Amino acid sequence: EWYEKAVKQGEAQAEFNLAVIYEKGQGVKQSYKKALKLYEKAARQGLATAQFNLGVLYDNGVGVRLNYWKAAMLYMKAAEQGHASAQHNLGLMYFEGKGVAKDYTKAQEWYENAAKQGNQWAQCNLGIMYYEGKGRTQDFSVALKWYMKAGVQGYDVAQYNLGFMYSEGQGVTRDYTKAQH
């Protein structure tokens, strides 16, 4: 009720909060249509979280027609405001060439921006780029550094990759004990 009153006055954060409520069906009948409309209003006002959530809907085709280009543009708007998850997702779009031209340099830049803010997925993806030598020279020691950062946060993919590197002696001295833990 209070969010709706604030929405009528054009309050962007209320538009976002009410959109989340409708998207998830929390105490109301779930409605992607209402969520989309509210996210769009908040996104037009420059609210990064709304731009990101709207991007996720387009990226996954949830409640809207799948549109990678639109998702990438929305992620870009939020990423430029420092939204770490948007930076990660935009990096992924560049890495995979979804909605934008494949560009490992831009993928790395956006991953690094997100990773510096502690985004574990971006940290792990940077590790993968260095491990595989995607768009740069393969560097196991740098890959290990990024996997460690994500791994200590509990990200299972990074932890698996660390275990593999220790078991194979890639960038580190082979250590089966560390590989096991």
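In this predicted model, helix 7 and helix 8 meet through a set of side-by-side residues: Tyr104, Ala107, Gln108, Tyr111, Glu112, Ala114 and Ala115 on helix 7 are in contact with Ala122, Gln123, Asn125, Leu126, Met129 and Tyr130 on helix 8. Helix 7 covers residues 104–116 and helix 8 covers residues 120–132. Their axes come within 8 Å and cross at roughly 145°. The crossing of helix 7 and helix 8 is left-handed.

Helix 2 spans residues 12–24 and helix 3 spans residues 32–44. The two pack at an angle of about 160°, and their axes are 8 Å apart. An angle over 145 degrees counts as roughly antiparallel, and helix 2 and helix 3 are therefore roughly antiparallel to each other. Helix 2 passes helix 3 in a left-handed crossing. On the helix 2 side, the contact is made by Ala12, Glu15, Phe16, Leu18, Ala19, Val20, Tyr22 and Glu23. On the helix 3 side, their counterparts are Tyr32, Lys34, Ala35, Leu38, Tyr39, Lys41 and Ala42. The residues of the contact of helix 2 with helix 3 include 11 nonpolar and 4 charged, with no polar ones.

The next point concerns charged side chains that pair with each other. The structure holds 1 salt bridge. The side chains of Glu96 and Lys98 form it, with a distance of 3.5 Å from N to O. How accessible are these residues? Glu96 counts as partly exposed, because its relative accessibility is 39%. Lys98 also counts as partly exposed, because its relative accessibility is 28%. For both assignments, the class in question lies between the limits of under 20% for buried and over 50% for exposed.

The last stop is a loop residue. Val152 sits in the loop between helix 9, residues 140–151, and helix 10, residues 156–168. Is Val152 buried or exposed? Its relative accessible area is 71%, so Val152 is exposed. Another position, Lys178, is 26 residues from Val152 in sequence. In space, Val152 and Lys178 are 14 Å apart, taken from C-alpha to C-alpha.

Methods
Residues numbered from 1 in each chain as written. Predicted model: local features only at pLDDT ≥ 70, side-chain atom pairs only at ≥ 80, totals over all residues. Heavy atoms only, no water. Helix = DSSP H or I, 4+ residues; strand = E, 2+ residues; numbered from the N terminus. Buried < 20%, exposed > 50% of the residue type's maximum accessible area, 1.4 Å probe, protein only. Axes fitted to C-alpha atoms, helices over the stretch in contact; angles between N-to-C directions. Parallel < 35°, antiparallel > 145°, perpendicular 65-115°, else oblique. Left-handed = near helix turned anticlockwise from the far one by under 90°. Contact = heavy atoms within 4.5 Å. Nonpolar A, V, L, I, M, F, W, Y, C, P; charged D, E, K, R; others polar. Salt bridge = Lys/Arg side-chain N within 4 Å of Asp/Glu carboxyl O.
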